[in-house]
Amino acid sequence: MTSPKRECTQDEVWATTDTSRGFGALLARRYVADYAVNAISGRGVVRNYGGFAADTLPEAYPFTLFDHRSRANATGWHPQVIVVSLGTNDFTTPLHAGETWASRDALQGDYERRYMRFVQELHARDPRAQIVLWATDMANGEIQAEVAKVAATLRTSGAPWLTYVPVNGLSFSGCHSHPRSRIRP
């Protein structure tokens, strides 16, 4: 996001979204590497932002469209590094009546199990890639704590291809509280 404000119209969201100025693109440029961005605003591992009903990111990830027919198969694309940053949408809003989880502990348990399975699926697809789990300090540290548990469990089960990176102090001041890039390409 390049927007200087959080409250935006849909047109402003489209006008200020520039993945070429995002973290992945900037890092790729630094190392003269190719990159791909797979992201869907508001999607979580097991719970979408505010509990809204739609495919979670692991459910939607294999597809280029939301129709569940057009599979994302980039023939020949085998990344050396895969960076995954999930948890913000699962944990930054309170649980509501009628959601699947009766408690935060239940949500955390489901998140940990599903996130581990998703990371293992990514590794199975690209077994030579280093996978980096990246977590912000939002939600009073809950996101970092949960991602650290996932990383520790995977490492204990034999995952030398996994790295955990905590990220503190990131500004979420772009449209709809997305990270805002102030860095010029």
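Trainee: At what angle do helices α5 and α6 pack?

Mentor: This is a predicted model, where local features need pLDDT of at least 70, side-chain atom pairs count only at pLDDT 80 or more, and totals for chains, interfaces and linings use all residues. Residues are numbered from 1 along each chain as its sequence is written, and side-chain values use heavy atoms, leaving out hydrogens and water. The axes of α5 and α6 are 10 Å apart; axes are lines fitted to C-alpha atoms, for helices over the stretch in contact (heavy atoms within 4.5 Å). Angles run from 0 to 180 degrees between N-to-C directions, and this one is about 50 degrees.

Trainee: What does that make α5 relative to α6?

Mentor: Angles under 35 degrees count as roughly parallel, over 145 as roughly antiparallel, and 65 to 115 as roughly perpendicular, with the rest oblique. The angle of about 50 degrees therefore makes α5 oblique.

Trainee: How far apart are the end C-alpha atoms of α5?

Mentor: Helices (H or I, at least four residues) and strands (E, at least two) are DSSP runs numbered from the N terminus. The expected span is 1.5 Å times one less than the number of residues, so the 22 residues of α5 (residues 104-125) should span 32 Å. The model agrees, at 31 Å.

Trainee: Which residue in β2 stands opposite V84?

Mentor: β1 (residues 81-84) and β2 (residues 130-136) pair in the parallel sense over 4 bridges; pairing takes at least two DSSP bridges. Opposite V84 stands L133.

Key
Buried < 20%, exposed > 50% of the residue type's maximum accessible area, 1.4 Å probe, protein only.
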